[in-house]
Amino acid sequence: GWLALRSAASGGPPLSQMLHEASISVGELDFHGLAFHDLDLALGVEPQVLRVDVDGPDTHGHLIIPGGPTPWQFDFDRMKIESRTETQDAAGAAPVGPGSIPALEFRVADLSWNAMQIGSVQGSLSRIADGVTLDRLKIHGASFDLESTGRWSGPDGGAGHAEGVLLSHDVQKTLAQFGYAEVMQGKAGRLDFDLTWRGMPSQAAIPSLDGKIRIEASKGQILDINPGAGRVFGLASLASLPRRLTLDFSDLISKGLAYDVIRGSFELRDGNAYTNNMLLEGPALEIGLIGRVGLAARDLDQTAAVAGKMGVTLPLASTLAAGPVVGAAVLVFSQLFKQPLKGLVRGYYHISGSWDNPQVVRLRGEAASEAQRESQAEQKQ
């Protein structure tokens with residue numbers, strides 16, 4: 001390693017004999033695509049160890065770099081990181097590969113990453129022949145806990161895999177901590193994930209995401225907010241429905257779109273998330289959702305079926321009416337949806353467009369009537 005470096009003169013002494021300590025002020029430090037700002041670094045050199053004490057308005061802690069195969073020690077009280085954007089990547093920065101990542105033991109008591117307020121983080125990386133394994137990762141935030149394991153290996157940029165679970169005790173606060181729009185409230189939430197990707201684990205890997213995600217939330221409400229960036233998976237669609245449903249089901253959701261449970265799974269392929277079983281169960285309504293969420297393109301193409309629960313009187317506006325049909329996907333809704341709705345389906349909606357400006361259109365006419373008949377037939381089987 002660098003501890004064995006010698007002076008420019010041939011046969012010069014090791015660096016550890018020339019340099020014992022140094023102080024450096026850095027406006028911006030880039031390390032493997034991660035940017036750190038306004039740092040004061042104090043270096044202390046021993047025969048087989050480099051200690052770097054780091055201080056700044058957003059970062060405080062120390063890093064111990066051994067001269068041999070021993071893992072680096074990374075221990076910080078606070079840290080703020082900004083990841084390099086894709087534009088900056090294209091500007092000529094050297095690509096990062098898994099072969100350049102050292103074995104590492106890390107702890108950060110208070111971590112911020114871009115706009116995300118993460119919380120406390122601890123874990124370890126081990127070296128393998130062509131990369132690293134994430135042996136353990138534990139994150140404790142103000143409203144959630146996350147555990148994960150994974151791997152990043154292979155030639156050049158390599159490929160990655162991660163699996164784990166996130167548990168939330170305040171869904172709205174958890175969304176805010178991860179930098180997403182606060183589209184829903186909930187007393188409890190769970191997200192299970194098993195994902196693979198190509199290249200460095202960063203936002204640039206989203207177009208290559210594959211794998212599965214399952215979500216579940218209980219006892220909350222979908223908020224009627226203006227469309228905006230930061231939606232998360234199928235919740236982008238659910239967040240766009242309340243305003244439209246207020247017109248069609250005003251007697252049932254005058255106080256907002258409440259739910260007892262939301263559950264469903266997504267299959268990820270090439271940066272898109274597909275679902276055929278997303279279900280919202282509420283006190284008065286059920287909503288089934290199928291279709292695609294573009295994680296890379298940040299767009300939507302989904303169909304929702306809204307059912308009134310048995311025993312609930314539906315307003316006149318919810319009855320089906322003749323008219324032009326929008327979205328042929330409604331014809332296959334009942335065949336694709338794995339959890340038949342318990343109530344009488346009274347409305348179908350097509351959700352499309354960008355996350356920033358989703359379009360929700362009521363489906364009418366013979367296609368919607370046919371979808372209703374098929375849904376009712378399934379419930380009788």
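The model is predicted, so local features need pLDDT of at least 70 and side-chain atom pairs count only at pLDDT 80 or more, while totals for chains, interfaces and linings use all residues. Residues are numbered from 1 along each chain as its sequence is written, and side-chain values use heavy atoms, with hydrogens and water left out.

**Strands and their pairing**
- Helices (H or I, at least four residues) and strands (E, at least two) are DSSP runs, numbered from the N terminus.
- Strand 9 (residues 144–153) runs antiparallel to strand 10 (residues 159–168), and 10 bridges join them; two strands pair if DSSP finds at least two bridges between them.
- The bridge partner of F144 in strand 10 is S168.
- The hairpin of strand 9 and strand 10 has 5 residues between the strands, and G154 takes a positive phi near 115° there.
- Strand 10 also pairs with strand 11 (residues 184–198), in the antiparallel sense and over 10 bridges.

- T174 belongs to helix 3 (residues 171–177).
- With a relative accessible area of 8%, T174 is buried; buried means under 20% relative accessible area, exposed over 50%, and partly exposed in between (1.4 Å probe, protein chains only).
- Apart from neighbours within four places in sequence, T174 is in contact with S143, F144, L166 and S168, where contact means heavy atoms within 4.5 Å.

**The nonpolar core**
- A nonpolar core is a set of buried Ala, Val, Leu, Ile, Met, Phe, Trp, Tyr and Cys residues joined through side-chain atoms within 4.5 Å.
- The largest such core has 75 residues, of which M184, L241 and I287 touch the most other members.
- Strand 2 (residues 34–46) gives the most to this core, with 6 residues.

**Salt bridges**
- Side chains of opposite charge can pair when their charged atoms come close.
- The count comes to 10 salt bridges, each being a side-chain nitrogen of Lys or Arg within 4 Å of a carboxyl oxygen of Asp or Glu.
- D55 and R78 meet in a salt bridge (3.8 Å, N to O). D55 lies in strand 3 (residues 49–55) and R78 in strand 5 (residues 72–83), so the pair ties together parts that are 23 residues apart in sequence.
- D75 forms a salt bridge with R107, with the closest N and O atoms 2.5 Å apart. D75 lies in strand 5 and R107 in strand 6 (residues 104–113), so this pair ties together parts 32 residues apart in sequence.
- A network of salt bridges links D75, D77 and R107.
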